[in-house]
Amino acid sequence: MISTSDRLIAFLEEHSMEFLHNWRSNIVISEQDLYKEEVLQNGLRMFHLVKRAIKNPLTEEEIQALAYKTAQERVEANVNISEFVYNVNVGKSEVIKWVSRSGIEWTELQPYLEDINALFDRFSYLAVKQYTDIRDKQLQEKELYIDQTHKERLTILGQMSSSFVHEFRNPLTSIIGFTKLLQHDYPDLPYLDIMQHELDQLNYRIAQFLHVSRKEIIESKREEINLSAMFKELLEFLYPSLLAGDVSTTLEVDESLIISGNKDELRQVFLNLIMNSIDALQIEKGERLIRIRSVLQASTLHLSISNNGPRIQQETINAIFEPFYTTKELGTGIGLFICKKLIEKHGGEITCYSTDEKTAFTIKLPLRSSVTTIPK
């Protein structure tokens with residue numbers, strides 16, 4: 001007596017040409033598909049797997065072999081994986097349709113239909129997973145390549161910038177020196193104070209480039225700094241810029257507050273933040289105000305430098321401390337990056353938040369080891 005499985009296999013083989021013709025007529029194959037002919041051969045291979053599964057259960061390796069082969073071809077063909085899923089479902093529907101027409105009793109067919117469904121489902125899962133894994137690996141490799149290339153370009157740019165800035169600083173030092181001599185010999189000569197201020201600003205920008213291009217190996221010298229006195233000195237230095245920009249300032253820093261750190265580095269941080277605030281306020285109508293405020297909370301100093309300029313969008317805040325990121329037309333994108341590095345070097349952190357009313361940069365420095373207060 002012929003078994004049900006043999007009868008079913010014989011029926012499918014008898015109608016295999018019709019089955020394959022119907023399947024080929026309904027599937028989707030892109031004209032640009034490099035494996036167009038192989039798609040049809042894979043359909044035939046799947047049909048053979050179905051016949052084998054009807055006779056004996058298939059191993060995972062047998063299903064996996066065809067699934068992985070198909071996934072690799074889909075990746076190389078560079079077509080949407082949805083085409084593959086659709087074609088598999090068309091094949092499954094066509095097989096089930098012919099199995100149902102075999103004339104075999106439904107109760108006898110039920111186990112075979114379940115096995116066929118399970119085979120197609122497992123095949124689809126393995127193929128799509130492999131396709132996704134390959135695509136993810138390619139994406140990771142591409143991102144790694146882009147990241148490495150970007151770092152190499154930044155290194156070259158840093159070397160070029162450092163060399164250029166060093167060459168530029170030599171004549172600038174001479175100009176600054178001769179300007180000071182002119183101020184000494186001709187104290188009433190007009191515009192020398194403006195020249196000196198602009199040269200100091202240029203020298204500050206050059207110092208920024210040199211700082212970001214060198215590696216900090218030796219621990220910088222730390223000293224006690226009166227924070228209020230430092231800000232008064234900075235505001236006096238920036239007075240021409242504040243006056244030109246019609247910017248008012250308020251200083252709310254305890255005059256007895258003493259911090260421990262590198263004076264030049266912290267001065268650079270505060271100077272950069274105030275200058276950025278002045279720039280931001282230039283498009284603001286009405287009162288332009290910069291507020292500098294310090295608050296002691298437990299073992300931490302909270303220092304805020306805020307302005308009532310335009311709001312900074314959140315996506316910009318997320319990237320604002322990244323190197324070479326700038327929203328200014330002629331910006332370098334290194335100022336805030338250096339600020340972040342210098343504050344972290346002092347064991348602190350710097351953050352930014354912005355609303356329609358104000359934009360504030362907040363610096364937190366630990367009190368335990370770096371900040372002390374002098375009793376009044």
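**A cavity and a sheet in a predicted model**

The largest cavity of this predicted model holds about 280 Å³ of space.

Student: Which residues lie closest to the centre of the largest cavity?

Tutor: Rolling a probe the size of a water molecule over the atoms shows where empty space is left. The structure holds 1 cavity of 30 Å³ or more. The lining of the largest cavity has 22 residues, and the closest to its centre are W23, V39, N42, G43 and V88.

Student: How do the residues of that lining divide into nonpolar, polar and charged?

Tutor: Several helices contribute to the lining: α2 (16-26), α3 (36-55), α4 (60-77), α5 (81-100) and α6 (106-185) each supply at least two residues. By residue type, the lining of the largest cavity divides into 14 nonpolar, 5 polar and 3 charged.

Student: What is the average twist from one strand to the next?

Tutor: The strands of the open sheet follow the order β2-β4-β5-β7-β6. From one strand to the next, the twist averages 15 degrees.

Student: How many residues of strand β5 are buried?

Tutor: In the order of the sheet, β5 stands between β4 and β7. A residue counts as buried when its relative accessible area is under 20%. Strand β5 (residues 300-307) is mostly covered, with the number of buried residues being 7 of 8.

Student: In β5, which residue is the bridge partner of R291?

Tutor: Strand β4 (residues 289-297) pairs with β5 in the antiparallel sense over 8 bridges. The hairpin of these strands has 2 residues between them, and A298 takes a positive phi near 55 degrees. Across the pair, the bridge partner of R291 in β5 is S306.

Student: Which residue of β7 is the bridge partner of I305?

Tutor: Strand β5 is also joined to strand β7 (residues 359-366), with 8 bridges between them, and the two run antiparallel. Within β7, the bridge partner of I305 is F361.

Student: In β7, which residue is the bridge partner of I350?

Tutor: Strand β6 is an edge strand of the sheet. It pairs with β7 in the antiparallel sense over 6 bridges. In β7, the bridge partner of I350 is I363.

How values were computed: Residues numbered from 1 in each chain as written. Predicted model: local features only at pLDDT ≥ 70, side-chain atom pairs only at ≥ 80, totals over all residues. Heavy atoms only, no water. Buried < 20%, exposed > 50% of the residue type's maximum accessible area, 1.4 Å probe, protein only. Helix = DSSP H or I, 4+ residues; strand = E, 2+ residues; numbered from the N terminus. Pairing = 2+ DSSP bridges. 1 Å grid on protein atoms, 1.4 Å probe; cavity = no way out; pocket = protein on both sides within 12 Å on 5 of 7 lines; lining within 4 Å. Points joined across faces, edges and corners; volume = space filled by probe spheres on them. Nonpolar A, V, L, I, M, F, W, Y, C, P; charged D, E, K, R; others polar. Axes fitted to C-alpha atoms, helices over the stretch in contact; angles between N-to-C directions.
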